[in-house]
Amino acid sequence: MDRRFKARLEARFGEQLTGPIRQRHDETEMRIAAGDVIAVITALHDEPEFGFEFLSDLAGVDTGVVMQVVYHLWSETTSDWLRVVADGLSRDDPRVPSLTYLWKGAEWMEREAYDMFGITFEGNRDLRRIYMPPDYQSFPLRKDFYLADDAARSPGAGVRPMERTHTPINAPSKALVRQTPA
């Protein structure tokens with residue numbers, strides 16, 4: 001855990017932080033508002049004292065109350081991985097700026113978060129479904145995603161009928177299966 005790195009982040013981004021910077025093992029986490037994504041991430045990427053030139057991952061999160069976008073960044077300037085959480089996105093219309101101007105590979109990560117959570121990345125030139133069919137109307141990783149058979153299923157009620165194993169109709173009986181010597 002790089003405590004000097006935490007101090008540098010607090011000094012540079014103190015006014016843009018929406019919560020305390022947390023550190024655990026080799027990870028540092030900072031929270032910012034969605035409106036500050038461009039300014040903060042660009043500074044982390046461009047300023048030599050930070051130099052976060054590698055976007056490892058970008059993920060959507062549904063807390064059940066608000067939506068978030070989480071960026072995992074790496075730099076040679078610190079031994080810590082940096083997790084930047086863009087917090088407080090509206091559940092009705094979650095929007096955050098695209099980072100494809102910094103990392104071209106962010107396009108696919110943003111498309112995945114859009115497809116699974118419905119988060120719109122403003123400025124992404126190819127924001128369309130990546131897993132689900134183009135005409136699909138819902139977002140499968142949201143907390144309010146409804147499965148048709150869940151209404152009648154209580155916790156611990158067992159497996160869904162489609163998950164039960166069964167013997168195929170044309171399976172040979174054990175008597176007809178030829179035993180081969182070992």
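Quick housekeeping: residues are numbered from 1 along each chain as its sequence is written. Since the model is predicted, local features need pLDDT of at least 70 and side-chain atom pairs pLDDT 80 or more, while totals for chains, interfaces and linings use all residues, and side-chain values use heavy atoms, without hydrogens or water.

Okay, helices. H1 is residues 3-13 and H2 is residues 37-46; their axes come within 12 Å and cross at roughly 135°. (Helices are DSSP runs of H or I, at least four residues, and strands are E, at least two, numbered from the N terminus; axes are lines fitted to C-alpha atoms, for helices over the stretch in contact, with angles from 0 to 180 degrees between N-to-C directions.) So H1 and H2 are oblique to each other, meaning not under 35 degrees, not over 145 and not 65 to 115.

Who touches whom? On H1, Leu9, Arg12 and Phe13; on H2, Val40, Ala43 and Leu44, where contact means heavy atoms within 4.5 Å.

Now, the rings. There are three aromatic pairs, counting Phe, Tyr and Trp rings (the six-membered one for Trp) with centres within 6.5 Å; planes under 30 degrees apart are stacked, over 60 edge-to-face, the rest tilted. One of them is Phe13 with Phe50, tilted, at 5.6 Å centre to centre and 40° between the planes. Phe13 sits in H1 and Phe50 in the loop between H2 and strand S3 (54-62), so the pair ties together parts 37 residues apart in sequence. Phe13 and Phe50 are both buried, that is, under 20% relative accessible area, with exposed over 50% and partly exposed in between (1.4 Å probe, protein chains only).
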